[in-house]
Amino acid sequence: MPPTPANRPDRDESPVRDRGDACPGALRLHTADDGALARVRVPAGLLDARQAYALADAAERLGDGALDITSRGNLQLRGLDPVCAGELAELLDAADLLPAPAHERIRNVVASPLSGLDGRGHLDVRPLVRELDTLLCAGARATALSGRFLFALDDGRGDMAELAADVMLLAEAGDGAPGAPVTGGAGAPGGPGAPGRPRVRVVAGEARVRVRPEDAARMLLLAAEAFLDAADASGARPWRVRELPPEHALSTRDLLRRAAAADLPAEPAPEPPAAPEGTGPAEPPAPEPPAPGAHARDGADAAVCAGVVLGRMSAAQVRSLARVAERHGTGELRVTPWRSVVLPGVAAAHLPELAAAGLVTGAGSPWHGVSACTGRPGCGKALADVRADATALAAAGAGGTPVHWSGCGRRCGHPHGAHVDLVATGEGRYTLAVVPANRPAAAAVPATEAATASATEAVPEAPPEASPGAVPAKVNATESATETATAPGTGADHPVRHDLDVPELAGALAAARGGRPLHHRPATTK
């Protein structure tokens, strides 16, 4: 079993805010340079074909004809006319994509996309996702959560470890068969550690408890309510668990007390294994997102995964995915945080149809692992047309470490695991760094003036906030294109490269994606 993900609070992050977060939603539109934007929360990315068709129609009728996938597997419509908000709400409501208005921004849930399909993992978490969503939308207390608060359900394979969730469910191995569905009910015999039963642990900051699968959704909600109570007591209005002041940190004792009050059997979950002395804290394994192509179980095709170039699907591509899911699969689509879509029940023989639609169907594609923020001209804060630059260098280091292009230092939508981080600094130039696993991107690259801008207005999913003091002094814009400096946590073999133009990026990017050192060269004078 993978170690419990490292979502412990960062004690340097205890901001005091005087307002709520500004995350957009399906009803709260955000005004961007290319029109209004709506973010549709899709818990765990679970859609049926009917809903996919409805979203494609909405994008074509009301927006710019495309849907963006965010780093949490949600969907965004861009280029909207603000006056169409009512019509959009009606379309989403008719497709069962819009809960009560007060709840629509809090449905931030990610889950293992291949859960229950490929025989890996210890539990099919899809039923728990739907139960959690029902609980979130059923009460008034959860509406106080910010639009950035994140739930993650990991079926035991460890793919959710890097996503920096506030409340995390991790399935553990039991004596039952791997991938067994959630069974039993609230009255099922045996406690959370009973032999022969799958087990799950729920982690919120430093608090961790073990419960039965049938109680897991309730425990996740109780942990979120514990955060809200701690946030109220702190007076700091934190949005995330890691932002709680130390004196208000969540505790295992408090979660156990809440579980007992709810008549929910729970026990303390064991602490992660200690790292050997002198080696630092143990880190969870790197995530394993579903690769584009076919996925099998016991030698038979179980699903296919199609990557989406730069996370942006045309309405025609959405319809192609829905059509293949409807005709050749279970009718379900699973949108992933890695800008891809899993189609359960679809055989490998139907991958050519998806490839013909312009989707990525093999790990050898130069687009596999490449992502970008909106950039110019859609975002007024962007310093470059990052999508055009990414397209120009799509083949550089194809198939290696993921790479993310950012138009400014906010790094909107960046991956949460190890990746190559490219940040535009203006005048067609970029800073490049290799970000190791389990480190915020903002801690790996020197800050620019753009990096200090407030992230509250970020349109794609907001990146983690950097800890004060973790970011070196800002880059001097006159530094040589060959200047290098080692970023915190990146190691001497993966230095930061400043002020590279697009042609210079080609070699540096290929080296970084291939895991080769970025060798220092003597500085030159501009």
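Which residues in H1 meet which residues in H6?

## Basis of the model

This is a predicted model, in which local features need pLDDT of at least 70, side-chain atom pairs count only at pLDDT 80 or more, and totals for chains, interfaces and linings use all residues. Residues are numbered from 1 along each chain as its sequence is written, and side-chain values use heavy atoms, with hydrogens and water left out.

## Helices H1 and H6

Ala 49, Ala 52, Tyr 53, Ala 56, Asp 57 and Glu 60 in H1 meet Ala 315, Val 318, Arg 319, Ala 322, Arg 323 and Glu 326 in H6; contact means heavy atoms within 4.5 Å. Helices are DSSP runs (H or I, at least four residues), numbered from the N terminus.

Helix H1 covers residues 49-62 and helix H6 residues 315-328; the two pack at about 165°, with axes 9 Å apart. Axes are lines fitted to C-alpha atoms over the stretch in contact, and angles run from 0 to 180 degrees between N-to-C directions. H1 is therefore roughly antiparallel to H6 (an angle over 145 degrees).

## Helices H1 and H2

Helix H2 spans residues 85-94, and its axis comes within 9 Å of that of H1, crossing at roughly 170°. H1 and H2 are thus also roughly antiparallel to each other. Arg 50, Leu 55, Ala 58, Arg 61 and Leu 62 of H1 make the contact with Glu 87, Leu 88, Leu 91, Leu 92 and Ala 94 of H2.

## Gly 139

Gly 139 sits in the loop between helix H3 (126-138) and strand E7 (151-154); a strand is a DSSP run of E, at least two residues.

Terms used. Parallel < 35°, antiparallel > 145°, perpendicular 65-115°, else oblique.
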